[in-house]
Amino acid sequence: MKAKLLGTLATSLVLAASVAVPALAGPKEGGRANVVIQPEPPGIMTGIVQNAPAQMVGGNIFESLLRFDTELKPHPQLATSWEISPDGLTYTFKLHPGVKWHDGKPFTSADVVFSADKFLRETNPRTRASLAHVETITAPDDLTVVFKLKETFGPFIRMFEAGTLPMVPKHIYEGTDFKTNPANNTPIGTGPFKFAEWVKGSHIRLVKNPDYYEKGLPHLDEIYWHVIPDAAARSVAFETGKIDILPGGSVENFDVARLAKTKNACITDKGWEFFAPQAWLWFNHRQGVTADARFRKAVSYAIDRKFAHEALWNGMGKVSTGPFADSTAFRDESALVKYDYDPAKAKALLKEMGYKGEVIRFPYMPYGETWQRWAEAIKQNLEDVGIKVELIATDVAGWNKKMGDWDFDISTTYLYQYGDPALGVSRAYVSTNIAKGSPFNNVGGYANPEVDKLFAEGATAFPDSARQKAYSAVQKKLSEDAVYAWLIDLKFPTITHCNVKNLITTGIGVNDGFKEAWIE
Amino acid sequence: MQTLWFLSSRLVKGILVVLAIVVLDFFLIHFAPGDPAAVMAGESGATDEIFLQQLRVKFGLDQPLMTQLGLYLWGVVRLDLGYSYRQQMPVLDLVMDRLPATLILTGAAFVFSLVIGVAAGAWAAANKDRPLDRAITTISLIFYATPLFWMALMSVLVFSVWLDWLPGFGFEEVGNTDNVFERVLDVSRHLVLPAVTLGLFFTAVYVRMTRSSMIETARMDFVKTARAKGLTEGVILRRHVLRNAVLPVVTLAGLQAGQMVGGAVMTETVFAWPGIGRLMYEALLQRDYNLLLGVFLVSAAMVVVFNILTDWVYRLVDPRIEVAR
Amino acid sequence: MTGFWSRFRRRRIAMIGLIVVALVVAVAIAAPYLYPQSPWKMVQRPFLPPFANALVPLGTDTLGRNVASGLAHGAQVSLLIGIVSTLVALAVGVPIGAIAGYFGGIVDDVLMRFTEFFQTVPSFALAIVLVAIFQPSLTSVIAAIGVVGWPPVARLVRGEVLAQRRREYVEAAILAGQSNFTIITRQILPNVVSPIVVLASLMVATAILLESSLSFLGLGDPSVMSWGYMIGAARTVVRQAWWLSFFPGVAILITVLAINLVGEGLAEALDPRSSRDHH
């Protein structure tokens, strides 16, 4: 049964991949896409609300200067061309002429300066951190913007993605309190779709932007984002044809396999390359047996990742071999010390270090069923080699607190890597990012001056070959130390009816995918 | 006049109970580990302490506990149940949005269990110790012992998945029609499984209660007198026995209103019914203090109101009985 | 006592209940010998249907764990939680009820208002809140079930004690100068033990239901295999694997039903008046 299932998944993947190539007949105009949105976002003004569902809707309203394909290569969006000076310090963007905001006002370089320098610096902590490398942002004319950096910053170009640096209208927000501006409820962007209505608890409707500056786009007339709070009900809605598109994570993993086998269902795991979510097991480096590298290695050997990959993740994504996820830049397979499933080695290491049956506290991540099953499986893996584990059930708030207070021995987690180690990897490993109270930093407390130095080098070295050298060294060091037990480079499959075409074309998938999508 | 006085005194008492519940819940929930600011920050992908602090200030989470409680109580008095920072909506709106669905569900379940339960119980009593009585008693014993959530799951499996007779999830179809009649029909179809499931446990309780109280009443002197007067069994049953046996049933109905709210949490979770039971569970998982308190308050208030109503019905049915408390 | 036993034995249905309960207890005790491996151990491929493999007669779950082993080990947990949480409820309810009934007056008023207050709060909702706040663990689950379970005990005991309070033997004991504590514990409580036993046996059944409901919602101790947990974990795959939620549900149903039958048998056997009705 399983072999057959995986076979079906594989064919579906091939089918979905072929969708990316436009069919000869050409796209069909018009129609409505019915999509699931889960959970209902608190808002869809992506400059203010950054959570995943907000990005999923807002990414079709708000745009950035660039767009990134599944290889993370930049493509023109609001900028038609861009230039990086040979010293890597000056980025000059030429903007698309004739772009209008949804309210008809022209989009100019002044909006870019306002968005980056004023708005997002105030509202988005992640963007703020990256903008710290910027000296000045200037607009020599209406269609040119120049970013001057204080120092070279390798991942800088990747900031110009719709979720990280969305362009917001200066004429609406300047001089107002950004967070309470009423326009947040009726967002005005430059994107292919305009906001139409939001019935809380029911649906969000976007309609085609007829004046979109890229001629012939978009193809769809409207998008309905349906709020369906229950996972099982979402599956049913897809099966009965009320819903065409189930974005990643909107049904339980166990149901993905079943839905993939239903008629007219296509499934793809593309569209997550930019986020590159990686799941791993935190170790608390501060105390007890988890401070001992031999113990961490034993755990790394004891976990059967392949089993979890197949039984819990339907074979989607990849088994992790190191701290850089599969689609993250500068990943260097050859630099890694690998920990394959090998219980005998784990037992030997435990014996060598003299593990005496200390109980390991494991407050696993409470993000739903899959994560709980995974924690149970990991616990069993560890008990099979003789490690005693206490599972601790929490809710999201309780878990955040335990992590922030460092009140754990091991725990599961996953974080986005945003395509670049300087944006999404280093934050979990550098000692400067250890601070009690926040559950989102280096909560494991790993501190190694050499690693700190290498990550700092990697972020600011220029050109890329220099960055690669630092990052290869860092991957070697981190894997040697078995800093954390890397589990799976996750992919959250998007399930669609097969007549939905050309949806996933970029590294952020559904988030900005409706621009070119059409329904047969 | 006496009724008015009775009702108002019960109302005052009820309000005091509700307030006490609110205060208790407030402290219980604030005792819980977990910082709501961290949950919000997690949602928005933020990573720094400055942002966490901003959120705490914005939602008054940095105030002393007593101040927060005071503010909350003052709000409750003005019917302002606070603001749900997680859902970016006033709590009262959220609860009121969801309340109709729960009222429809519990109302339907209540009527179902009362009607079927009392009827079956009376029927069983009239056929005491015959096969029919045994069958009814046995079935009600089984329903009495069945976990509600399991019954819900199995009914989805059988009636929705296998037989495909009824929808197993949700309140109505996605992409609903504008035709009112079709919509009512659609909602009714969705209502059947959750309402029956929620009602079955109480049906069993009513069956047992009605049956035993009718058998008990039938032995009493006034029934013997009626029989001696030569009234037919049917008349005796309807006019005397059922009427008197109904009293404990009314009491029970009052008590069960509270249980119904708890059962709704379970039923609404399994059937994806968009009511306050589900809302409460979601609020709890997200540590949405204001919302959780709001749901608690409204459900406790419902129970209090219902208890007053049943006491009143009790007085109507049997004016001799003094309901002192 | 022999009279009681012969009365109980005559009730066939109660005897069946007793036999079933004994069987469940036997399974619970034998679980570590029947299935020495942890019920969490992944022993076979996931989603193996029942009756296909003699080693896993009831199939395997989403992770390839043995359903039969889970049921056996789950019996331990269900009985343990059912009994201990009932004891907790008795430990709270009996003293409150006894004090209220014995002293009467303002003490009675205050304690009964307090009890009523707890009865007004929707009990299952309260249990959810308590377990969630104190984090799910065996202790918090037992405590929560105990806390929502005591008010009926208190009311029952109060009523019974109130009735005994006016009896002559109590007056005599007071005149003899016995302390209130001694009178309550030595004189009155032994006389009201029958209805308490009946109520307690029914409460064990309710507690098992309540525990399974909490576990179903994901509010169980994550380290113990319980029937409610098994159903909760199988909820999303009910369409692919009916057996995962079916068997544990039947286990709960049969156990609760059997305990209820025993409880009713006890009630009638301990109350000679009602036993007469059956002749």
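Chain B and chain C meet through 42 residues from chain B and 41 residues from chain C, with contact meaning heavy atoms within 4.5 Å. This is a predicted model, where local features need pLDDT of at least 70 and side-chain atom pairs pLDDT 80 or more, while totals for chains, interfaces and linings use all residues. Residues are numbered from 1 along each chain as its sequence is written, chains are lettered from A in the order in which they are written, and side-chain values use heavy atoms, without hydrogens and water.

Here's the B–C interface in brief:

| Item | Value |
|---|---|
| Area buried between chain B and chain C | about 3,900 Å² |
| Share from carbon and sulfur atoms | 76% |
| Salt bridge Arg208(B)–Glu264(C), N to O | 2.3 Å |

Buried area is the accessible area (1.4 Å probe) that two parts lose on being put together, summed over both. A salt bridge puts a side-chain nitrogen of Lys or Arg within 4 Å of a carboxyl oxygen of Asp or Glu, and the B–C count is one. Several helices of chain B supply at least two residues each to the side touching chain C, including H1 (2-31) and H8 (180-218); helices are DSSP runs (H or I) of at least four residues. H10(B) gives the most, with eight residues.

Now the packing. The largest nonpolar core has 316 residues, and Trp225(A) and Phe514(A) are among those touching the most other members. Such a core is a set of buried Ala, Val, Leu, Ile, Met, Phe, Trp, Tyr and Cys residues joined through side-chain atoms within 4.5 Å, buried being under 20% relative accessible area (1.4 Å probe, protein chains only). A second, separate core of eight residues includes Phe4(C) and Leu266(C).

Terms used
Buried < 20%, exposed > 50% of the residue type's maximum accessible area, 1.4 Å probe, protein only.
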